[in-house]
Amino acid sequence: MVLSGFLRTVPVSLEQGLAYALVALGIVITFRVLAFPDLTVDGSFPLGAAVTARLLTLDVDPLLSILVAVFAGFLAGCCTGLLNTRLKINSLLSGILMMTILYSVNLRIMGRSNIQLLTVDTFLTPLENLDMNRFIPMIGFFVLVSFAFKFLTDLYLHTQMGLAMRATGDNEQMIRTLGVNTDNMTVLGLGISNAFVALSGSLVAQSQGFADVGMGIGMIVIGLASIIIGESMVGVRTGKKSVMRLTLAALVGSVIYKFIIAVGLRMGLAPTDLKMATGVMVILALGVPALKGGKEGKLHLRGV
Amino acid sequence: MVRLEGLRKVFKRGTIDEKTAMDGLSLQIADGDFVTVIGSNGAGKTTMLNLISGTYTPDEGEIFIDDDNVTHLPEHRRAKYLGRIFQDPLMGTAASMSIEENLAMADLRGRRRGLGWGVKKTRRDYYRDTLKMLDLGLEDRLKDNVSLLSGGQRQSLTLLMATLSMPKLLLLDEHTAALDPKTADLVMELTEKIVSENRLTTIMVTHNMNQAIKHGNVMIMLHEGKLKYDVQGEAKRSLTVEEVVKRFGADLKDEALLC
């Protein structure tokens, strides 16, 4: 009885976890690759949702509406990067500024605080109309999308440009003396990261059937929690294939996080306390090693 | 050929901490010269390297490398001319990346980086052969993260990276000072080998007068941002520490320099 209750949370956690996995993947690029603590995420996630929702209600082609959302996220990330590199505003503050600005932008885009998408055809509607349990095509779709982007990210981070981006986060002075404009690398990385996040926002809005201006609150903490969980499960500290492990950790962590939350809710955690629980989870993960006095894992926890 | 013309750099201008780090330095370095630079703390040695590599821009004066005026080029656009090694062995390599990835990045010094594969199979054999020269066994550890290497190994790798694509000018900023004496000797030996085999134009800042006298064909001494003394050719070869101390002891307050 209890067990079957837990089992029932599995498909929901899988679907949601995979849908949010792109957020974690985006955060891997900023926090872990660039060592840039980017908080734009809280704004670019609803940005993706808002753009898609608005365009769908205007009868724009679903695929096109997703692409526009992704591009909007890319621009938002670039803006944060420009605030930091050109205007020399502190990285955390740059993200907070963009996040705040995006709140108004999202309201403008949607024209109100939320848009429901149950009555319009979305990109996912054909999948939902298949003659089978909704979860099967949905999970299949999100597995496909999240792993596709994971592999693309892996490939990119092993190209000449990708190596330069990783070095920008690792040793900025060194890669600059090798002729890389690290400012441009930072802007580009933030753009890519927030494009992923906006894509996630767009897909989540379509799968849950609405976009809401508040749906991004705490997204950065959720993403961080996912990464930390994923890294502890996948084990990223070993040197070889570190990039593949990081991106895998994002996907695994995102799913496990949703599963932990679903189980928590089943066991009586109040939905209103969710963000607090997530926050405490991150604090414990970051804080306990420090209290133990351990220095290991410093690189492993880059960006925080 | 490298030319520095009347370089001036003042830090914190207009404050009580105002410091003239470079006070009208002019210097000409011929192709293939190996210049060692001595001088006490604050003489302007590192400032000179920072000006050449673009970390700072001079207040006055100009810098030419091969007749190209690079005075106002940003740091990343001078990369094609320069290889630089810092005192801190951690500064020259990306620790979280593998040895071959670090070499691949150095391989593209100053060139456009596209979406081509980072570590090319065809270059990997070349990296392995070059690493063999270090005689540190790194050729079998191409995929190991640099963070696993010791300071001396990292500095040797940095040296290889700085010279991989043959810079017009190699800048060495006390690059053996942070290493234990035995490793320092090894790295210095390696430096000498790479520089002489490739006839690299080199500027080496050092705190160690013996090193400055033993290596290179030109030695210069900086004092308060000016060129105090330069010696080359036969005079340089027959130079001794005692002679330098006798002439400049008063200016060389830095005891480390004399040991």
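Predicted model: local features only at pLDDT ≥ 70, side-chain atom pairs only at ≥ 80, totals over all residues.
Before I count anything, let me say that helices here are DSSP runs of at least four residues, strands are runs of at least two, and both are numbered from the N terminus.

If we consider the contacts in chain A between residues at least 6 apart in sequence, 80% of them join residues at least 24 apart.

One helix of chain A that I would like to go through is H4, residues 91-110, which has 20 residues and reaches 28 Å from its first C-alpha to its last, close to the 28 Å expected at 1.5 Å a residue. Several of its residues are buried, among them Ser91(A), Leu97(A), Met98(A), Leu102(A), Ile109(A) and Met110(A). What covers the buried residues of H4(A)? The cover includes helix H2 (41-57), helix H3 (62-85), strand S1 (114-116) and strand S2 (210-212), which belong to chain A as well. After H4(A) comes Gly111(A), which has a positive phi, near 80°.

Turning to the place where the chains meet, we find 24 residues of chain A in contact with 31 residues of chain B. On the side of chain A that touches chain B, helix H7 (160-170) and helix H8 (172-177) of chain A each supply at least two residues, and H7(A) gives the most, with eight residues. That side of chain A divides into nine nonpolar, 11 polar and four charged residues.

Now to chain B, where the domain assignment gives domain 1 (1-81 + 169-183 + 199-259) and domain 2 (90-166). The centres of domain 1 and domain 2 of chain B, taken over C-alpha atoms, are separated by 27 Å, and the contact takes eight residues from domain 1 of chain B and seven residues from domain 2 of chain B. On the side of domain 1 of chain B that touches domain 2 of chain B, five residues are nonpolar, two are polar and one is charged.

Why can strand S7 of chain B, residues 169-173, be called largely enclosed by the rest of the structure? Five of its five residues are buried, so the description follows from that count. Leu169(B), Leu171(B) and Asp173(B) lie on one side of S7(B), with Leu170(B) and Leu172(B) on the other, and both faces are covered. Strand S6 (residues 82-85) of chain B runs parallel to S7(B) and is joined to it by four bridges, with Arg84(B) standing opposite Leu171(B). S7(B) is also joined by four bridges to strand S8 (residues 202-205) of chain B, again in parallel, and here Asp173(B) stands opposite Val205(B).

I will finish with strands S9 (residues 218-223) and S10 (residues 226-232) of chain B, which pair in the antiparallel sense over six bridges, Ile220(B) standing opposite Asp230(B) in S10(B). Their hairpin has two residues between the strands, and Glu224(B) takes a positive phi near 50° there.

Conventions. Residues numbered from 1 in each chain as written. Chains lettered and ligands numbered in written order. Contact = placed C-beta atoms within 7 Å. Nonpolar A, V, L, I, M, F, W, Y, C, P; charged D, E, K, R; others polar. Expected span 1.5 Å × (residues − 1). Buried ≥ 20, exposed ≤ 12 C-beta atoms within 10 Å, placed from the backbone. Pairing = 2+ DSSP bridges. Domains from an automatic or database assignment.
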